[in-house]
Amino acid sequence: MQSLRDTWLLFNHYLTMTMRNPVMVIVGLFQPIVQLLLFAPLLEPIANTEGFPEGGSIGVFTPGLLVMLGITGSLFVVFGFIAELRAGVLERMRVTPLSRLALVLGRLLRDVVMLLLQATVLVGVAWLMGLRADPAGVALSMLIVVLLGLLVSSCSYAVALILQDENAVASVLNFLILPILLLSGITLPLTLAPNWIQNVAGVNPFAYAVDASRALFIGQFSNPAVWQGYLVMGVLAFLGVFWAVRSFRQGVA
Amino acid sequence: MIILETKELAKSFRVRGRLVEAVKGVTMSVQAGEIFGFLGPNGAGKTTTMRMLTTLLKPSSGQATIAGIDLFTNSRQVREKIGYVSQAGGAEGASTARENLILQGRFYGLSLPDAVARAKELLAALDLEQIADRPSSSYSGGQRRRLDLALGMVHKPKLLLLDEPTAALDPQSRAWLWTEVRRLNAEGTTVFMTTHYLDEADALCQRLAIIDDGRIVVEGTPDDLKRQIVGDTITLGLQFQPETGQQVQALLQEQSYIHSLEYDEQAVRLVVDRGAEALPKILRLIDDANVHVQTVELSRPSLDDVFLKQTGRSLRESAN
């Protein structure tokens, strides 16, 4: 009960803070929207190539961008967080009787809500550009986005608590982000890739999220990629949140 | 009544495979109602001890209780009883003082109207009303410190823990903080504070413990510590004749309160018990022998002397 109250309290607080200064939310949307406007048209000529998945260029690209938004948008929550660590805000909260679980969940809930807001805007823009996806499929792929956001946000917080330094975190992110994005088949589908890349991508969990969203967008609810995507993201999100909760409990903040 | 008690509290960290013993064994007790100073150079283990006492760190071994509650098995209950102001403060810069205080009140389970009322009360008490609705990132160092203190007092804690409360404050804010700590103490709050300023510990604390290299080296009232360790120094400037030094030495030889005596061509230096009482007796003896006293200087030992004696180092050297 107390955890619920405290989570709600912190969620409201963080949401208010974010809405007061929504720069990061807008910046987070900028990249996927630019990709949609400037890169999606480049895919059109190859949309009829053999090996290009069903759904047309924008129908294939948008679900990928949703995953990209989930990854990049959630990674950048850590920058504000590290500033907070340095100002002793988290430490002050940890000396109050606040539920330890709420310290994490309140944040994650805010991150997920902001991500859903961004994802809705992104799909809206894609729709204006001619996306005609299965509405139920789009709604269900939002659940993938939520799981993905939970996973990436919680891992970011845990890593931030270990490193406690913006520069170190930025280096780690830069190191990871490009291979993750390329091996997820977000920009160009992996079905076009040589075998060895497909094999490497097979161990990239984000590739599962992309495949599942693509299947959902074209209404293939019974495609095995869908349950596989939910399963992989669900398990990893759970582990990620578990890791974050542990780090907040012990964190040397 | 004891409000805070620790027994052999110790913490070691593993840093790059090496075991670092930050706190080796802290045993102390703080009485309800006092201002207790925790004094030591940087790196002595003050902050690590503070982090254990505020439930932020689990100790490697040893015990601690606050108001009789075990700090590590019942952390949640302990958190309700203590207020903590860290060195960094911990106010949220993007929020105003009022918002910070209301939220902090909610953290302690106050209803929204109660939290609003309490925030108002604290803003008035700490003279923050005029800036209450500005983002706290715009405050001066002194204003920020007042907000930090208010945040630690939201739930009227029995025990207030202050980590280096006056570090990096201007002299005026420092004086204000001393007054405020005394006022809170007079209203019944027990204060436990770390500091590396000796004058602060001397002026503010009723009792103190000195920590060095992870252990408490001495605990007591500032006066006790000073008395038990050094004794007072008396310097007499005399009108010297060739024999004066020996003469004075002979006169004072029998006096049991004198620990040591040395002289040169200008002055006689004595280390004595209770200098203020010894001085008139000494002057009378010398005067009776027709030795003319020109100047008298009595100096009481400082806490720095205590520290030097206990650790072999000056606190000022260690701090740098």
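The stops below go from whole chains down to single residues and back out to the contact between the chains. Keep in mind as you click around that this is a predicted model.

**Stop 1: chain A**

Select chain A and switch to a cartoon view. You'll find eleven helices and zero strands. Follow the chain along its sequence and the pattern reads α-α-α-α-α-α-α-α-α-α-α.

Now for the overall dimensions: along its principal axes, the C-alpha trace of chain A spans about 60 × 35 × 30 Å. A compact globule with 253 residues would have a radius of gyration near 18 Å, and chain A, at 19 Å, agrees with that. Of those 253 residues, 46% count as buried. Take the contacts in chain A between residues at least 6 apart in sequence, and 83% of them join residues at least 24 apart.

**Stop 2: chain B**

The C-alpha atoms of chain B fill a box of roughly 80 × 50 × 40 Å along the principal axes.

Buried residues account for 40% of the 320 in chain B. Among its contacts between residues at least 6 apart in sequence, 69% join residues at least 24 apart.

Next, colour chain B by domain. The domain assignment gives domain 1 as 2-226 and domain 2 as 231-300. The centres of these two domains of chain B, taken over C-alpha atoms, are separated by 46 Å.

**Stop 3: a four-stranded sheet in chain B**

Select residues 231-300 of chain B, which is domain 2 in the assignment. Look for an open sheet of four strands in the order E12-E13-E11-E14 (chain B), paired antiparallel.

Zoom in on E12(B) and strand E13 (residues 267-272) of chain B: they pair in the antiparallel sense over five bridges. Click B:Tyr263, and opposite you'll see B:Val268 in E13(B).

Two helices come next:

- Helix H9 (residues 244-252) of chain B lies across strand E11 (232-238), E12 and E13 of chain B, and runs at about 170 degrees to E12(B).
- Helix H10 (residues 275-288) of chain B packs on the sheet and touches E11, E13 and E14 of chain B, with its direction at about 165 degrees to that of E14(B).

**Stop 4: helix H11 of chain B**

Select residues 303-311 of chain B to pick out helix H11, where B:Leu303, B:Asp305, B:Val306 and B:Phe307 are buried. Then click B:Gly312, which follows H11(B) and has a positive phi, near 80 degrees.

**Stop 5: where the chains touch**

Bring chain A back. 16 residues of chain A are in contact with 20 residues of chain B. On the chain A side, the elements giving two or more residues are helix H1 (2-20) and helix H5 (89-94). H5(A) gives the most, with five residues. Colour this side of chain A by class and you get eight nonpolar, four polar and four charged residues.

Terms used:
Residues numbered from 1 in each chain as written. Chains lettered and ligands numbered in written order. Predicted model: local features only at pLDDT ≥ 70, side-chain atom pairs only at ≥ 80, totals over all residues. Pairing = 2+ DSSP bridges. Contact = placed C-beta atoms within 7 Å. Axes fitted to C-alpha atoms, helices over the stretch in contact; angles between N-to-C directions. Nonpolar A, V, L, I, M, F, W, Y, C, P; charged D, E, K, R; others polar. Buried ≥ 20, exposed ≤ 12 C-beta atoms within 10 Å, placed from the backbone. Domains from an automatic or database assignment. Rg over C-alpha atoms; globule rule 2.2 N^0.38 Å.
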